[in-house]
Amino acid sequence: MTTEALRDLNSLPGSDRRNESSNKASLPKFTDNTDENLDKLQRKSSPPLASAPIKEEEIGNTVVEVVAEVEYIESEHLTDLENVDTCVSGLLAGLESKDWVLVCESLNNVRRLSIFHKEAMLDTLVNVISLVEKSLKNPRSAVCKTAIMTSEDIFKAYGDHIIDSIDPLIVQLLLKSSQDKRFVCEAAEKALVAMTTWISPTLLVPKMLPHLKHRNPRIRAKASMCFCRSVPRLGTEGIIAYGIDKLIQTAAVQLTDQLPESREAARTLLLELRVVYEKSPLLSTATAEPKAEAAAEESEQQLEMVTWESYCLSKLSRLSAQAVTRVTQSIVAKQGISVDS
């Protein structure tokens with residue numbers, strides 16, 4: 001028994017050592033490869049900041065790093081150019097460059113020329129606007145926002161002079177103002193305000209009409225807001241010359257639109273049109289003119305019929321007319337606005 005017990009005791013350390021060795025062999029080796037694998041993963045997921053355009057939705061926070069490389073300079077902080085001729089001669093090439101940083105620099109030069117030397121760019125303005133529109137479509141937010149700021153400065157500098165080239169800019173700015181990226185959306189909305197401020201409403205209102213029927217409700221809403229800002233700038237005579245009935249019909253359609261922004265813009269515009277209508281003798285007494293020589297009672301009765309409500313009924317369907325008069329009356333009552341002539 002003693003011999004067998006000693007033999008058993010002697011065999012235990014070897015068994016333990018074999019078990020320990022076996023356990024070590026079965027464990028996966030992470031230590032040596034982990035850092036290497038992590039480095040490979042980082043190299044794959046971190047493209048160079050100045051590489052070719054990258055789709056923003058695929059790279060997550062990398063977009064923030066790229067955008068941080070570009071400084072957004074407000075118009076009042078832009079400085080004059082040292083050499084205008086050199087800048088103008090290389091402007092189109094810079095705007096067409098595949099280097100997005102150079103494109104941003106060229107866009108800022110367009111802004112400087114617009115502010116300090118707008119006459120120097122007149123000969124190439126059509127081509128410049130076309131390339132600015134191209135930059136508005138750029139997937140890089142840095143290029144896109146700089147192009148939006150450039151559009152704003154072009155509106156301020158050239159106004160009605162660019163009316164024949166403005167359609168592509170309107171489309172892109174309406175699209176960008178409807179995006180979810182807040183800093184792009186806010187810049188686009190600011191540019192649209194500049195457009196409605198610096199371009200004559202007589203020229204701009206017809207340009208906005210097609211966008212009020214756009215299939216995208218968010219674009220319709222932004223277009224409605226632009227339309228609402230432009231129409232009052234026509235003034236009473238301009239509204240009458242354009243056709244107040246056409247404007248009422250357009251606003252009545254927007255009054256039932258899907259988004260609240262469209263409906264609110266329509267309400268604001270309809271109230272403005274009601275004020276113009278009821279304060280203009282040319283409109284409120286137009287129907288009474290054929291009976292101007294009739295008896296006093298008949299004349300007064302006819303004048304009473306030419307109310308805002310009656311006029312809307314004569315230009316709209318009954319349901320639309322009721323909606324228009326109900327909305328405008330509600331606003332008048334709520335805000336205490338006087339519309340008496």
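Trainee: What should I keep in mind about the model and its numbering?
Mentor: The model is predicted, so local features need pLDDT of at least 70 and side-chain atom pairs count only at pLDDT 80 or more, while totals for chains, interfaces and linings use all residues. Residues are numbered from 1 along each chain as its sequence is written, and side-chain values use heavy atoms, with hydrogens and water left out.

Trainee: What volume does the largest pocket have?
Mentor: Its volume is about 190 Å³, where a pocket is an open set of points on a 1 Å grid over the protein atoms alone, where a 1.4 Å probe fits, with protein on both sides within 12 Å along at least five of seven lines. The volume is the space filled by probe spheres set on the points.

Trainee: Which residues lie nearest its centre?
Mentor: Of the twelve residues that line the largest pocket, Leu95, Ser97, Val103, Lys134 and Asn138 lie nearest the centre, and a lining residue has an atom within 4 Å of a point.

Trainee: And which helix gives the largest share of the lining?
Mentor: That is α8, with three residues; both α7 (100–116) and α8 (125–136) supply at least two each, helices being DSSP runs (H or I, at least four residues) numbered from the N terminus. By class the lining has six nonpolar, three polar and three charged residues, with Asp, Glu, Lys and Arg counted as charged, Ala, Val, Leu, Ile, Met, Phe, Trp, Tyr, Cys and Pro as nonpolar, and the others, Gly among them, as polar.

Trainee: Switching to helices, at what angle do α12 and α13 pack?
Mentor: Helix α12 (residues 201–208) and helix α13 (residues 217–230) pack at about 155°, with axes 10 Å apart, which means that α12 is roughly antiparallel to α13, the term for angles over 145 degrees. The contact, meaning heavy atoms within 4.5 Å, is made by Pro201, Leu204, Val205 and Met208 of α12 and Ala223, Cys226, Phe227 and Ser230 of α13. Those residues divide into seven nonpolar, one polar and no charged.

Trainee: How does α11 run against α13, roughly parallel or antiparallel?
Mentor: The axes of α11 (residues 182–198) and α13 come within 9 Å and cross at roughly 30°, so α11 is roughly parallel to α13, a label for angles under 35 degrees. Glu189, Leu192, Val193, Met195 and Thr196 of α11 make the contact with Lys222, Cys226, Arg229 and Ser230 of α13, and by class these are four nonpolar, two polar and three charged.

Trainee: Which residues of α9 meet α10?
Mentor: Cys144, Ile148, Ser151 and Phe155 in α9 meet Leu169, Leu173 and Lys176 in α10, a contact with five nonpolar residues, one polar and one charged.

Conventions:
Axes fitted to C-alpha atoms, helices over the stretch in contact; angles between N-to-C directions. Parallel < 35°, antiparallel > 145°, perpendicular 65-115°, else oblique.
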